[in-house]
Amino acid sequence: MKGHMGKILRVNLTNKTVKTIDTKQYEEWVGGHGIGSAIFWDLVASQLPISPYDPKNVVTIMTSPLTGTLAPSTGRTEVQGIGLQSYPIEWFTRGNFGGRFGMMLKNAGWDGIVIEGKADKPCWINIVDDDVDIADASDLWGLDAWETQEEIWRKVSGGKFGKWIETSTGRYTTQRPAVLTISQVGELGARIASLVHDAGNAAGQGGFGGIFGAKNLKAISVIGAKGAVEVADPKALFEAWKWAIENYRGDIETRPSKTPSAFGAQPTQGFWGVKEKNMRPSACAVCPKACRAKFRSGIANESQCVEFAYYSWAVSARYGGPTIELNKAADLTQKYAINNYELLRILVYLRTLNAMGVLGKGKAIDTDLPFDILGTAAFVEELIRKIIQGKDIGLALREGGVRAAKQWGRLEQDLKTGVLAYPYWGCPEHGYDPRTEAEWGYGSILGERDINEHDFNFFVYWYPLGFMATGNFPISAEECAKICSEKLIPYTGDPFMLDYSDEGIYSEHFVKLVAWHRHYTRFWKQSVGFCDWMFADLVNAYGPNNRGLTPDGEVRFFNAVTGKNITFAEGMEIGRRIWNLDNAIWVLQGRHRDVVKFADYIYEVPFPSDYPLPMYIKGEWKFASAKGRKIDRAKFEDFKTKFYTLEGWSTSSGWPTRSTLEALNLKYVADLLAAKGKLG
Amino acid sequence: MELAKKVLSKVPWQDRLVASIAHQTTGAMTIDIYSFEEAVNFLKSCRTDYSLDELLMRGSSATINYLDLNALASWIGDVLGDSELSQAIREVVGGESENPLLIFREKVKPVLELMEQRLAQCKGKLSGTP
């Protein structure tokens with residue numbers, strides 16, 4: 001397949017050996033998540049269940065065939081392995097990060113990296129084209145994520161930006177290495193540790209920072225000068241760009257007051273901190289959105305979205321709006337490579353417990369955290385210091401919010417009331433509560449983590465909120481439903497998939513929406529590499545008749561690069577195959593329908609605020625509020641049964657059946673499940 | 001003086017006021033407000049001048065903040081004991097609405113003005129300045 005470089009790096013840290021895997025062996029899985037899951041299955045499945053800390057845990061870091069080409073918004077890199085974050089079972093999971101690492105890896109001639117084993121002492125992996133060295137990291141251990149990268153830049157490229165270095169293949173480059181690293185928090189094996197690349201690209205979910213630390217792996221550095229990624233049909237790729245811009249972006253200068261396109265939003269929109277005069281847009285490789293920013297001051301470079309949102313509420317409470325403290329707080333999470341969503345929910349939880357009189361100096365949960373300076377960057381720094389030093393409540397918080405609550409004897413009660421907002425698998429709530437935006441919550445609980453996939457969310461949640469806030473309704477709920485019914489191949493023709501009413505969210509229609517979402521994201525985003533902030537593009541006011549470029553856009557770019565001629569439906573089928581493989585892995589880890597349940601508060605506490613969603617009520621489509629809703633336990637169990645039926649899994653266990661697996665060319669998966677007594 | 005002290009005090013958890021902040025890509029979160037000054041700061045941080053265009057740009061930095069202004073009035077009256085300010089806010093807000101988000105956008109500025117005045121008065125009282 002064009003777009004592949006032909007080999008995957010396989011590093012065994014125990015034996016200190018370096019081998020290659022021929023990418024062709026896994027070409028049917030295309031890239032990213034697909035290849036990662038397939039390799040994980042081959043290397044680990046027969047040994048499951050194992051602890052994430054076990055050296056037998058394999059971490060894969062995969063690009064896609066589109067990475068490093070001019071296909072838009074394909075600068076993402078997928079990380080997989082048994083994670084540390086989820087509770088009570090540490091599921092095989094995924095993370096994803098942007099930046100330039102994936103492109104650099106391809107330029108070095110590699111499609112991905114497989115990490116096995118555990119080094120006997122701290123090390124880092126130095127990739128310079130074909131040369132791969134497992135180097136001693138004793139002088140890097142103890143450094144934060146930024147210090148580590150700066151030190152590696154000095155080691156590999158002399159420290160001076162723009163200096164020529166010669167690679168083993170006799171080529172030259174002035175690029176600095178692209179480095180993926182952990183901080184001291186990861187070194188401690190903390191479950192809230194992330195992987196960070198450059199200033200602010202992070203794989204936050206999953207706790208892979210702690211996995212690296214458990215393997216004594218400090219960082220991976222790559223510099224590539226072997227050349228560009230070969231594209232099958234460059235002309236078709238440019239024509240796809242032209243088609244997308246002409247039809248779906250809209251004119252930025254004369255943009256009418258309607259919903260702007262995903263394809264070509266204004267730059268730095270992802271930056272939510274305090275802007276400075278001397279700033280410029282910053283983008284992941286080949287992305288037209290440039291959602292981040294860089295500053296002459298160097299503060300808050302490349303941070304965006306939750307890197308600010310995790311603390312903006314506290315800064316605003318203190319100062320009446322964002323201040324430079326917010327920018328500094330964003331930097332702390334990058335420097336110390338900590339999962340921002342965990343930090344957000346931990347901070348809110350600590351503040352609540354403090355207000356309840358349960359946590360504080362001399363209280364039942366004793367801490368000298370200075371709540372009088374909550375809202376300053378210094379407060380966050382003090383919290384992180386406690387986590388790194390393992391002092392005060394820091395030791396418990398290394399384990400994440402849920403496990404800390406368990407240590408404090410509060411897990412059950414706080415999950416019952418929702419004081420601890422962790423609705424699924426011990427993962428912090430993203431802001432789209434399962435009681436309201438059900439496709440998000442269902443996808444998360446039927447999978448293994450907070451999905452973080454905004455494909456529907458953009459127009460089922462934010463559109464109606466924006467419409468209500470301005471009193472302006474340019475697109476109706478009915479039209480959104482109609483557009484989805486046209487675009488959600490292979491489930492076209494059913495507008496009721498978008499019905500978020502109290503009855504709709506348990507219906508056979510909604511089952512199809514959730515299944516579509518799982519299959520689409522597994523292939524088109526996590527394997528092909530399209531960024532969540534660009535794709536899917538379903539409802540788009542700048543497109544013809546408010547329609548976005550999905551499903552045509554994905555296919556145009558993919559086929560132009562790879563030379564394949566797949567249809568969107570064929571891509572969805574690959575996604576379904578990957579989803580089934582993932583479920584098989586989870587089954588081997590202990591998945592059964594009986595453990596697939598939300599935290600108690602989702603069933604018992606009415607959702608407290610207004611949350612408008614598209615709903616079909618009494619024969620009429622409208623944007624109506626889900627305020628006061630709880631998920632009905634029995635109805636959700638019925639939904640699961642319907643979902644398992646659609647997926648071809650056993651309805652009594654949620655395990656895949658032999659017929660389903662064999663129809664997906666996964667007989668070997670069925671055979672292993674059968675051998676383990678776990679076939680549906 | 002007593003009223004000023006009460007208005008400027010922190011309330012216990014069970015008497016908190018609940019507001020919300022909605023971001024496009026990080027979702028909606030409830031915000032617990034434990035003091036009058038925090039409520040003032042929350043309202044100050046609410047930008048209500050975003051156009052629809054700005055709000056709906058994918059990946060936008062805009063937020064839609066919300067606090068039920070009638071609930072705010074009740075909290076100020078019942079919990080903080082400032083019935084005069086509570087009534088003044090109710091008069092500005094003018095009762096329940098079918099579109100509370102839009103009403104919030106329209107009324108937050110005049111409500112904030114009233115509250116900022118009260119905050120200054122209370123702080124002045126406690127510091128002995130007029």
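Between chain B and chain A of this predicted model, the count is one salt bridge. You can find it where the side chains of B:Glu38 and A:Arg351 meet, with 2.8 Å from N to O.

Now look at the side of chain B that touches chain A. The elements giving two or more residues to it are β1 (17-23), β2 (27-33), α2 (36-44), α3 (52-56), β3 (63-66) and α6 (100-127) of chain B. Of these, β2(B) provides the largest share, with six residues. By residue type, this side of chain B divides into 17 nonpolar, 13 polar and six charged residues.

Stepping back to the contact as a whole, 36 residues come from chain B and 63 residues from chain A. Together the two chains bury about 4000 Å², and 63% of that area lies on carbon and sulfur atoms.

From here, let's move to the interior. Nonpolar side chains tend to be buried together in soluble globular proteins. The largest nonpolar core here has 230 residues, and the members that touch the most others are A:Tyr442 and B:Leu72. Helix α19 of chain A (residues 568-589) gives this core its largest share, 11 residues.

Beyond its neighbours within four places in sequence, B:Leu72 is in contact with B:Leu17, B:Ala39, B:Leu43, B:Leu67, B:Ile89, B:Val111 and B:Met115.

Key: Residues numbered from 1 in each chain as written. Chains lettered and ligands numbered in written order. Predicted model: local features only at pLDDT ≥ 70, side-chain atom pairs only at ≥ 80, totals over all residues. Heavy atoms only, no water. Contact = heavy atoms within 4.5 Å. Buried area = accessible area lost by both parts, 1.4 Å probe. Salt bridge = Lys/Arg side-chain N within 4 Å of Asp/Glu carboxyl O. Helix = DSSP H or I, 4+ residues; strand = E, 2+ residues; numbered from the N terminus. Nonpolar A, V, L, I, M, F, W, Y, C, P; charged D, E, K, R; others polar. Core = buried A, V, L, I, M, F, W, Y, C linked by side-chain atoms within 4.5 Å. Buried < 20%, exposed > 50% of the residue type's maximum accessible area, 1.4 Å probe, protein only.
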